[in-house]
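Thanks, everyone. Let me put the model up, and then I'll walk you through some places in it.

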Amino acid sequence: LFKLRFFTAANLSAFLFSAGFFAMFFTNISFLQTVFKYGPTRSGFASACGPLMAAIVAAPAGAAAAHR
């Protein structure tokens, strides 16, 4: 499969996106724990607001976009 250019490019871009996303979350959690002295649970709850809101808003926003 990796002989196909589009497949290789798609997997490489997905890997780079995932690595960047992991680095962002890792550094944010580390920042909360070292600078603000949050514990692991509190820093996890502080970081969960964005993904939870995205999950809640995604279905209604998709339905609203389909009507236009």
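Start with Ala 54, which lies in helix α3. A word on naming: helices are DSSP runs of H or I with at least four residues, strands are E runs of at least two, and both are numbered from the N terminus. Ala 54 is partly exposed, because its relative accessible area is 46%. Our cut-offs: buried is under 20% relative accessible area, exposed is over 50%, and partly exposed is in between, with a 1.4 Å probe and protein chains only. Ala 54 and Phe 22 are 32 residues apart along the chain, and their C-alpha atoms are separated by 17 Å.

Some housekeeping. This is a predicted model, so local features need pLDDT of at least 70 and side-chain atom pairs count only at pLDDT 80 or more, while totals for chains, interfaces and linings use all residues. Numbering runs from 1 along each chain as its sequence is written, and side-chain values use heavy atoms, with hydrogens and water left out.

Staying in helix α3, look at Ala 66. Ala 66 counts as exposed, because its relative accessibility is 65%. Now go from Ala 66 to Leu 1: 65 residues apart in sequence, and 34 Å apart in space, C-alpha to C-alpha.

Leu 1 brings us to the surface. Together with Leu 4 and Phe 6, Leu 1 forms a nonpolar patch with about 370 Å² of accessible area. Patch residues have over 30% relative accessible area and no salt bridge; nonpolar side chains (Val, Leu, Ile, Met, Phe, Trp, Tyr) are joined within 5 Å, like charges within 9 Å. A salt bridge is a side-chain nitrogen of Lys or Arg within 4 Å of a carboxyl oxygen of Asp or Glu. Accessible areas come from the Shrake-Rupley method with a 1.4 Å probe, and for residues only the protein chains shown count as cover. Leu 4 sits in the segment before α1. Leu 4 is partly exposed, because its relative accessibility is 39%.

Ile 29 is in helix α1, residues 5-34. Is Ile 29 partly exposed or exposed? Partly exposed, because its relative accessibility is 23%. Setting aside neighbours within four places in sequence, Ile 29 contacts Ser 43, Gly 44 and Ser 47. Contact means heavy atoms within 4.5 Å. Pro 40 is 11 residues from Ile 29 along the chain, with 8.1 Å between the C-alpha atoms.

Two of those partners deserve a look. Ser 43 is in helix α2. Ser 43 is buried, because its relative accessible area is 1%. Beyond four places in sequence, Ser 43 touches Ile 29, Leu 32, Gln 33 and Tyr 38. Ser 47 is also found in helix α2. Ser 47 is buried too, because its relative accessible area is 17%.

Then the loop. Lys 37 lies between α1 and α2. Most residues other than glycine have a negative phi. Lys 37 has a positive phi of about 60°, and it is not a glycine. Lys 37 counts as exposed, because its relative accessibility is 67%.

Last, α2 against α3. What describes two packed helices? The angle and the distance between their axes. The axes of α2 (residues 40-47) and α3 (residues 49-66) come within 5 Å and cross at roughly 40°. Axes are lines fitted to C-alpha atoms, for helices over the stretch in contact, with angles from 0 to 180 degrees between N-to-C directions. Phe 45, Ala 46 and Ser 47 of α2 meet Cys 49, Gly 50 and Pro 51 of α3.
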